[in-house]
Amino acid sequence: MAITVRVPTPLRRLTNGQGEVEVEAKTVREAIEKLEEQYPGFKERLLDEKGELRRFVNLYLNDEDIRFLKGADTELKDGDVLSIVPAIAGGV
Amino acid sequence: MAKVKGLKCRECGREYPVEPIHVCEFCFGPLEVVYDYEEIRRNISRDKIENGPKSLWRYVDLLPVENPTVGLTAGFTPLKKAKKLGEALGLRNLYIKDDSVNHPTLSFKDRVVSVAISKAKEFGFDTAACASTGNLANSVAAHCAQAGLNCFVFIPANLETQKIYGSLVFNPTVVAVEGTYDDVNRLCSEIANDLGWAFVNINIRPYYAEGSKTLAFEVVEQLGWKAPDAVVAPAASGSLYTKIWKGLKEMKEVGLIDEVNTRMFGAQAEGCSPIAQAWKEGRDFIKPVKPNTIAKSIAIGNPADGIYALQTTRESGGDWETATDEEIIEAMKLLAETEGIFTETAGGTTIAVLKKLAQKGAFDPDEVVVAYITGNGYKTLEVLDGHLSQPVRIEATLKDFKEKVLAKV
């Protein structure tokens, strides 16, 4: 499954400045592993010591927060877009 | 000499220079302004503040701006002793901090935005933008007009009409995004870093958020340099609530007050209460939710400062409560009828929660309790459709007046 990953500015040093990269993966977890293989450093930015998604990292699969899907086990299909987005503030 | 040392990641502690950045490159944690409190302590005094401008800029020593140029009239809103509402709730020392009359756009956002746009000018930006539930957009648009900056505001398309007009009148580009505030936020956070704009709640956020501390500073000064016993404040992202606490602690840190024993209470709408839910379930992490409430200005399902809000509650010995849409409307009417203050749904949420907390005995009757009213009811009139009495329609005759009005008194 070839999917597109949208990379936020703070992580673009790892991708030589690219804002979008492609990986082959069947689940979100696998996508993170593949990112790590292609662009070392990704995994520790996204996952904590226990392998859980860091609490200020939001991952969206085609505009839906993966926490509303199956989290890291969410399945991917060809052409999916996975966005990595830092949390931001607002409201009231 | 400098009061600001730099930025620091709240999660991993990595340090960064004073730049328009908001996220730690390593762990994605939010960056926060770090001050040199020793230096500030030497410069600040009650006297100096009392003789300062009648705006939030009287506390400039504790804000991350060197030279305030925009929003010079923001802040210094009334702290009203709420005698009648206090009687209704069994509280003898209840106060309303009334940011529904903040200048120029009638919400607490004028505080954060005057700091953010002043900072954006210092950084040399020519364009400012924001993702907003309405009030922030109003304030950014107004302050950009003042400052002569280009302005783009991004809002959920289903916002209250009055709030949309409240931005359009300042002639920014208003982008109405199909989706919730969280969707708007995600879009903005994806585009923000490529545009070279000052996104006040994204790349300017560390500075912007500091403006909320002035809600604490002013209350302490208005209470005669004393921290309140309890605070009730609404929470969306959790930033305002967290910064009130930071502000109180800073005042002690720099020697303006001797002690802070304030308990921090948070208010959320039941239809969007990820922080209150986490608190009730004893979690230290947030599960995002899909908002479903009339309190649109606090309808944030994925609160960025949620975990810090929980930390604040634990540290201060506070609590969380929620209010249903019906309770929110009732509370808006209660505040209006007892204190003559017309707030929007976020304020209704705060008062509804204040009432619940009072009923469950969270406060001693003599304690000094401050409820923060953050926005103005004239901006969200449509939520009151069907909830108010109707005008008595009469002909311009004495007969009609007597029959239809006087006879019913």
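Two strands are taken to pair if DSSP finds at least two bridges between them. Helices (H or I, at least four residues) and strands (E, at least two) are DSSP runs, numbered from the N terminus. The model is predicted: local features need pLDDT of at least 70, side-chain atom pairs count only at pLDDT 80 or more, and totals for chains, interfaces and linings use all residues. Residues are numbered from 1 along each chain as its sequence is written, while chains are lettered from A and ligands numbered from 1 in the order in which they are written.

Chain B holds an open sheet of four strands in the order β8-β7-β6-β9, with parallel pairing. The edges are taken by β8 (173–177) and β9 (198–199) of chain B. Each has a single partner strand, so one side of each lacks a neighbour in the sheet. Strand β6 (residues 127–131) of chain B runs parallel to β9(B) and is joined to it by two bridges. Here A129(B) stands opposite F199(B) in β9(B). Helix α5 (residues 135–147) of chain B packs on the sheet and touches β6 and β7 (150–156) of chain B. Contact between two residues means that their C-beta atoms, placed from the backbone, lie within 7 Å. The direction of α5(B) makes about 170° with that of β7(B). Axes are lines fitted to C-alpha atoms, for helices over the stretch in contact, and angles run from 0 to 180 degrees between N-to-C directions.

β7(B) and β8(B) also run parallel, joined by five bridges. F152(B) has T173(B) in β8(B) as its bridge partner. From β7(B) the chain crosses through helix α6 (residues 161–168) of chain B to β8(B), in a right-handed β-α-β crossover. Right-handed here means that, with the strands pointing away from the viewer, the path from the first strand over the helix to the second runs clockwise.

The crossing of α9(B) with α10(B) is right-handed. A crossing is left-handed if the near helix is turned anticlockwise from the far one by less than a right angle, and right-handed if clockwise. α9(B) contributes L215(B), A216(B), F217(B) and V220(B) to the contact, and α10(B) contributes I244(B), G247(B), L248(B) and M251(B). Seven of these residues are nonpolar, one is polar and none is charged. Ala, Val, Leu, Ile, Met, Phe, Trp, Tyr, Cys and Pro count as nonpolar, Asp, Glu, Lys and Arg as charged, and the others, Gly among them, as polar.

Y241(B), T242(B) and W245(B) of α10(B) meet Y308(B), A309(B), T312(B) and S316(B) of α12(B). The contact has four nonpolar, three polar and no charged residues.

Between the chains, 41 residues of chain B contact 22 residues of chain A. On the chain B side, α5, α7 (181–195) and α10 each give two or more residues. α7(B) gives the most, with six.

A cis peptide bond joins H103(B) and P104(B), with omega about 10°.
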